[in-house]
Amino acid sequence: MEKFSAYRDSGTGIQPFLTPVPPLGSDILAKVLLPFRYILAVTRTALVLILGLLYLVLVHGFCLILIPVPPLYRIIEHLFIWIFGRTVLRGPKLAEKWEPRAGDVIVSNWSSWIEVVWLAIRFNPIFLLPVPESLPQTQSASGASTPVIHTPGRRTGTGSANIQIPAKVATPRIPVSKFVQLSLLSMVFKVGLVPPYGVPISGTNVATLEEIRRKASKPIVVFPECTTSNGRGLLRFSDVFRQTVPVKDYNVFVMSVRYDPPTELSPTLTHTIPSKIMNPLPHLFLLCTSLSLAHMSVRLLAPSESPSSQLFAASEILSDYTGNDPLAETCAALIAQMAKLKRLGLGWEEKSSFLDFYRGKT
């Protein structure tokens, strides 16, 4: 869409923030089946909400009496997550098997709440969200609006003449130095949002990655893109680690996720634009209308090839790198290669501007 052209990656032409749509074609069958699909969606969504309520009662209620015995608490918690997660989600079978330990870091690209649930099922990890050192300019107290480069069309005051396109200006990168820990459900509710996700950028609940890692009782999941894309490309990684390669103090596990493109009977699994109310429940309802099975493809990098392997040849990736975070750069290169994704010059800062423009103009 022309009015979002300012958020198209200049190097690849990819628009990573818009929701993917099915290819043009006949949608007669989808329209005929729409009443049945809505009935099916209501039933499926109700079942998922019931499972979510049971999860809250058992994991955030019953399991609390086991906190004085941490090993038992983690086992029972993971068991309930596995049961409820598998009931809702069917993940792919994987050839590679991981055994991350407490304090190890799992790094992945991010396109949906689905990989969050998948990771919880497999590893019952600690989810981290980055806390930026300042707010994006579009979210500042000044309330400055996105600049406009031109208004295409004739100056008639109607039609295409009213389409305002934001200027393609360089968005300053905002440093990330601390993180906040979230539960599974809290993490799901934040999917699609951008930093600071409604979380205060200062306070006692934030800490550095190293502080969290040293105290962690489970593996840690970090999404260096800091927000979701539509899966067509890999967003620019933020400098979330500031760590040299190979990593010596902990193990790094790198994974990639890709989703099938949508069809008329199968909506996209990616979730890049968060819902204003009860996010991501509307997306869940949309997925529950599906009559065909959409697939997610997950690839796990062998630990012997990861950036924490002492045999890892960092020079092959970092020969021309002059930035501040060799580990983030290495993980980005590996994920792009694993998932066959093009790396983009756009990051979460641009998505913050995109969401402001999208919500103000649609």
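Analyst: A pocket is an open set of points on a 1 Å grid over the protein atoms alone, where a 1.4 Å probe fits and protein lies on both sides within 12 Å along at least five of seven lines; its lining residues have an atom within 4 Å of a point. Points are joined across faces, edges and corners, and a volume is the space filled by probe spheres set on them. The model is a predicted one, in which local features need pLDDT of at least 70 and side-chain atom pairs count only at pLDDT 80 or more, while totals for chains, interfaces and linings use all residues. Residues are numbered from 1 along each chain as its sequence is written, and side-chain values use heavy atoms, without hydrogens or water.

User: What is the volume of the largest pocket?

Analyst: The lining of the largest pocket consists of 26 residues, and those nearest its centre are Val88, Leu89, Arg90, Leu269 and Leu293. The volume of the largest pocket is about 740 Å³.

User: Which helix supplies the largest share of the lining of the largest pocket?

Analyst: Helices (H or I, at least four residues) and strands (E, at least two) are DSSP runs numbered from the N terminus. At least two lining residues come from each of α2 (34–59), α3 (70–88), α4 (114–123) and α7 (281–288). The largest share, four residues, is that of α2.

User: In which loop does Pro280 lie?

Analyst: The bond joining Asn279 and Pro280 is a cis peptide bond, with omega about 0 degrees. Pro280 belongs to the loop between β9 and α7.

User: In which loop does Pro246 lie?

Analyst: Between Val245 and Pro246 the peptide bond is cis, omega being near 0 degrees. Pro246 is placed in the loop between β8 (233–234) and β9 (252–259).

User: Is Asn124 buried or exposed?

Analyst: Asn124 is a residue other than glycine with a positive phi, near 45 degrees. Asn124 sits in the loop between α4 and β2 (126–132). Buried means under 20% relative accessible area, exposed over 50%, and partly exposed in between, with a 1.4 Å probe and protein chains only. Because its relative accessible area is 5%, Asn124 is buried.

User: Is Lys340 buried or exposed?

Analyst: Lys340, another non-glycine residue with positive phi, has a value near 55 degrees. Its place is the loop between α9 (326–339) and β11 (342–343). As its relative accessible area is 66%, Lys340 is exposed.

User: What distance separates the C-alpha atoms of Ala30 and Leu265?

Analyst: Ala30 belongs to helix α1 (residues 28–32). Ala30 counts as buried because its relative accessibility is 8%. Although 235 residues apart along the chain, Ala30 and Leu265 have C-alpha atoms separated by 6.0 Å.

User: What distance separates the C-alpha atoms of Leu56 and Leu185?

Analyst: Leu56 is part of helix α2. With a relative accessibility of 39%, Leu56 counts as partly exposed. Leu56 and Leu185 are 129 residues apart along the chain, and their C-alpha atoms are separated by 8.9 Å.

User: How far apart in space are Glu133 and Ser177, C-alpha to C-alpha?

Analyst: Glu133 is found in the loop between β2 and β3 (148–150). Its relative accessibility is 47%, so Glu133 counts as partly exposed. Glu133 and Ser177 lie 44 residues apart in sequence, and the C-alpha to C-alpha distance is 6.9 Å.
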